[in-house]
Number of protein chains: 2
Amino acid sequence: MTEVVAPDRLIADLPEGAVVTDADILAAYRQDRAQDPDAGTPLALVRPTSTAEVQTVVRWCNEHRVPLTTRGAGTSLSGGSTAVDGAIMLSTEKMRSIDIDTATRTAVVQPGLLNAEVKAAAAEKGLWYPPDPSSFEICSIGGNVATNAGGLCCVKYGMTADYVLGLEAVLADGRVVRLGGKQIKDSAGLSLTKLFVGSEGLLGVITEVTLRLLPPQASASTVVGSFASVHQASEAVLAVTARIRPAMLEFMDRASINAVEDMLKMGLDRDAGALLVAQSDAPGPAGAAEVEIIQRAFEENGATEVFATDDPQEGEAFTAARRAAIPAVERKGSLLLEDVGVPLPQLPPLIDGVAAISERRDVTIAVIAHAGDGNTHPLIVFDPADADEHDRAQLAFGEIMDLAISLGGTITGEHGVGRLKKAWLPDQVGPDVMDLTATIKNALDPHGLLNPGVLL
Amino acid sequence: MTEVVAPDRLIADLPEGAVVTDADILAAYRQDRAQDPDAGTPLALVRPTSTAEVQTVVRWCNEHRVPLTTRGAGTSLSGGSTAVDGAIMLSTEKMRSIDIDTATRTAVVQPGLLNAEVKAAAAEKGLWYPPDPSSFEICSIGGNVATNAGGLCCVKYGMTADYVLGLEAVLADGRVVRLGGKQIKDSAGLSLTKLFVGSEGLLGVITEVTLRLLPPQASASTVVGSFASVHQASEAVLAVTARIRPAMLEFMDRASINAVEDMLKMGLDRDAGALLVAQSDAPGPAGAAEVEIIQRAFEENGATEVFATDDPQEGEAFTAARRAAIPAVERKGSLLLEDVGVPLPQLPPLIDGVAAISERRDVTIAVIAHAGDGNTHPLIVFDPADADEHDRAQLAFGEIMDLAISLGGTITGEHGVGRLKKAWLPDQVGPDVMDLTATIKNALDPHGLLNPGVLL
């Protein structure tokens with residue numbers, strides 16, 4: 001941008017209070033949870049309540065060639081909603097309507113509603129919205145769709161993309177498109193709905209999503225296993241997934257166990273090298289059979305302790321412990337949060353390799369993982385006041401992505417590329433896929449106004 | 001095309017026999033199962049065996065601006081692989097390799113392998129590839145991916161798109177891209193894998209797919225219900241899906257029951273107004289509970305006869321009867337085959353509306369449906385020698401799509417738009433989505449060489 005455009009017309013065209021230019025408020029919208037130190041300062045914050053208001057914002061941006069960052073709840077761990085100097089920050093936080101249709105088992109939702117609120121609204125009508133990022137209580141459904149977010153139940157129930165039947169988006173030129181709908185099957189035209197899921201704000205502003213809901217999940221049984229070594233635990237994961245599809249299969253290493261125990265004091269085994277938390281929600285004897293398979297897989301791979309329960313309350317305590325790992329580790333220092341994934345058999349070498357990087361770079365790396373689908377979150381801990389440690393953490397961050405790529409994996413399983421990982425994307429997908437990506441981006445947003453700095 | 005290009009260079013650059021210009025052989029490749037009378041005659045048929053050979057073909061086409069139609073097994077019911085005058089017909093029939101990886105539970109498959117062959121190869125390794133179009137014994141996996149094909153088990157297990165983890169494609173300019181991979185979760189970059197699924201050959205030639213496999217399906221119980229009226233049967237469908245997610249829920253009306261009985265002579269009730277065939281594959285008591293729910297839903301909606309069996313053989317006979325419906329009805333005359341879908345609660349008005357169209361246009365319309373997901377196949381029967389009846393059938397064909405659109409549904413649930421339905425696509429999705437579709441097509445294939453005449 002060569003000159004600053006005053007948003008007077010935008011302020012005039014939107015309801016009073018929708019456009020905010022107060023510096024203190026803007027400051028709170030500069031960063032997301034990735035805490036990018038290079039975050040810019042937006043020209044203005046806009047909080048529309050309707051698709052029509054989003055159109056007004058996008059049209060104004062298009063007319064004045066002002067870039068626009070879309071932000072849900074600001075929980076991006078990869079810098080997907082970090083502010084850009086002189087750009088509009090469009091927050092969807094006031095777009096919070098939901099309409100549950102029990103006949104079609106769908107929810108039509110505005111993007112600002114939190115994942116937990118979607119789940120709760122569905123549950124009130126006896127239905128279930130499965131995707132469950134660990135941050136489900138604080139992340140928005142729009143952000144979930146924009147990043148194709150995952151969670152703990154993905155191993156059996158799939159990603160956000162698997163639940164998006166349709167959506168509405170405002171394109172870069174201000175036009176509104178409605179893609180897909182309430183029907184479960186639709187092969188009419190290109191798969192544009194799926195293209196917009198995971199597009200990280202690059203192709204349009206998502207203003208509404210139609211989500212598929214399921215009948216309620218059956219009550220789950222939980223199996224917890226302690227292992228002396230990380231390696232044994234990752235072998236146990238393979239032994240489980242070779243036989244069944246558990247409803248959850250989560251991994252914590254010693255550093256994360258201890259961080260959680262420091263915070264929650266729930267009696268976790270601080271000496272364990274790794275902990276696995278698995279669930280089966282298969283009903284009746286089928287569930288009992290799955291629990292037995294999981295127990296045996298744990299025992300045959302050297303578990304020092306195995307605990308099984310069909311009490312949902314007890315099970316939820318362990319799930320909550322796993323969910324608490326990121327905030328618990330965050331209390332030990334600043335975090336660089338990885339999201340690397342590999343084909344399942346590569347899980348042991350990935351976890352071994354992360355340990356080697358931790359040793360070589362002399363930084364603490366706590367590892368948690370949605371182990372059942374090969375998606376890991378190495379959490380690199382560093383003291384932001386220690387410049388040398390910060391540099392070593394940065395090196396480790398890159399080396400872990402290099403490692404995942406070398407194992408045939410991905411730099412991001414569920415958080416998106418954002419700003420923090422974009423330097424590694426070409427290494428994973430290659431120049432032709434980068435070019436294809438840019439071709440589509442340029443075709444849909446020729447002036448590059450939507451979420452600049454992200455992904456490309 | 002203004003002048004005819006001789007494929008000499010193409011013949012020289014490919015192995016002997018890969019390029020065919022024999023008129024008799026070309027004639028056999030003009031039409032697919034849609035039997036479009038306006039099919040053209042290709043310049044040449046090319047049957048490559050490798051990605052590199054596909055590249056040679058696409059590069060030659062790009063250099064000489066010769067269009068290219070990609071064809072799998074030629075079973076398209078919407079004209080997706082119909083020949084174009086002067087174009088290259090690229091058949092993938094000789095690209096038949098498959099590699100099953102039990103550790104990652106994936107299959108890496110060339111596009112020419114048949115769906116049934118993928119299923120069989122997976123089963124040999126104790127795994128299951130769910131998608132099951134009725135034509136699974138004769139349709140290619142490449143065609144399945146290009147149309148996002150469905151089938152009978154979709155109601156519980158999803159579409160082809162849900163099983164495509166990665167793919168390789170040759171772009172219009174001859175470059176090869178590899179999208180996705182064997183990992184279950186991957187949020188790195190735009191969802192290009194999903195964009196190519198269902199793209200009907202418009203964006204590239206798919207040369208390899210990586211498919212997700214599941215543990216084997218549990219043995220299924222089958223419930224068959226006879227109903228006096230179509231309306232009662234469609235109400236029974238809603239009563240089932242309101243409570244459970246069956247593994248199959250298929251519908252046949254009287255005309256299709258009788259056509260199948262004429263062909264198979266298996267003792268179906270010729271006087272029934274409609275037949276439902278449902279399955280549960282939930283294990284043990286959960287399965288028994290589902291069977292009971294289905295039986296009760298049938299009885300409470302006026303079933304005249306309900307038959308349940310947990311003998312897989314007996315169940316398969318009814319599934320086979322349902323699968324035989326299209327060839328059975330085809331023996332009565334030429335077919336115009338619909339694939340319209342609606343949100344489930346609109347199923348009864350859709351089926352009623354089709355009956356009204358049948359009466360108004362005085363043509364036989366047999367209706368079968370993947371009723372559990374609202375996807376119906378009205379089969380319009382006509383005598384091709386009767387010009388007036390042919391015209392009335394054509395009118396009915398359009399009116400059924402208009403009806404589906406008016407009910408908030410889709411003109412195609414699983415067959416793709418192809419040539420036969422493209423006139424109705426704008427009515428369903430609107431001008432802005434058509435424009436968005438064309439924008440992406442033009443960005444990826446600026447000379448419009450890939451599958452011209454299809455979809456756009």
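How many residues of domain 2 of chain A are in contact with domain 3 of chain A? Eight residues of domain 2 of chain A touch 11 residues of domain 3 of chain A, with contact meaning heavy atoms within 4.5 Å. Before going on, some housekeeping: this is a predicted model, where local features need pLDDT of at least 70 and side-chain atom pairs count only at pLDDT 80 or more, while totals for chains, interfaces and linings use all residues. Residues are numbered from 1 along each chain as its sequence is written, chains are lettered from A and ligands numbered from 1 in the order in which they are written, and side-chain values use heavy atoms, leaving out hydrogens and water.

Let's stay with chain A. It splits into domain 1 (8-91), domain 2 (98-212) and domain 3 (218-330), with bounds from an automatic or database domain assignment. The centres of domains 2 and 3 of chain A, taken over C-alpha atoms, sit 29 Å apart. Between these two domains about 880 Å² is buried, 50% of it from carbon and sulfur atoms; buried area here is the accessible area (1.4 Å probe) that two parts lose on being put together, summed over both. On the domain 2 side, Leu152(A), Val155(A) and Lys156(A) lose the most area, together 65% of what that side buries.

Domains 2 and 3 of chain A share two salt bridges, each a side-chain nitrogen of Lys or Arg within 4 Å of a carboxyl oxygen of Asp or Glu. Arg323(A) also forms a salt bridge with Asp132(A), closest N and O atoms 3.9 Å apart. Over all chains the structure has 50 salt bridges. Lys185(A) and Asp373(B) make one at 3.6 Å, N to O. That pair crosses between chains, from the loop between β8 (176-180) and α7 (192-196) of chain A to the loop between β15 (364-370) and β16 (375-382) of chain B.

Now hop over to chain B. Here an open sheet of five strands runs in the order β5-β6-β9-β7-β8, with antiparallel pairing; strands pair if DSSP finds at least two bridges between them. Helices (H or I, at least four residues) and strands (E, at least two) are DSSP runs, numbered from the N terminus. The edge strands are β5 (98-101) and β8 (176-180) of chain B. Inside the sheet, β7 (residues 164-170) and β9 (residues 205-212) of chain B pair over six bridges, and Gly166(B) has Thr210(B) as its bridge partner in β9(B).
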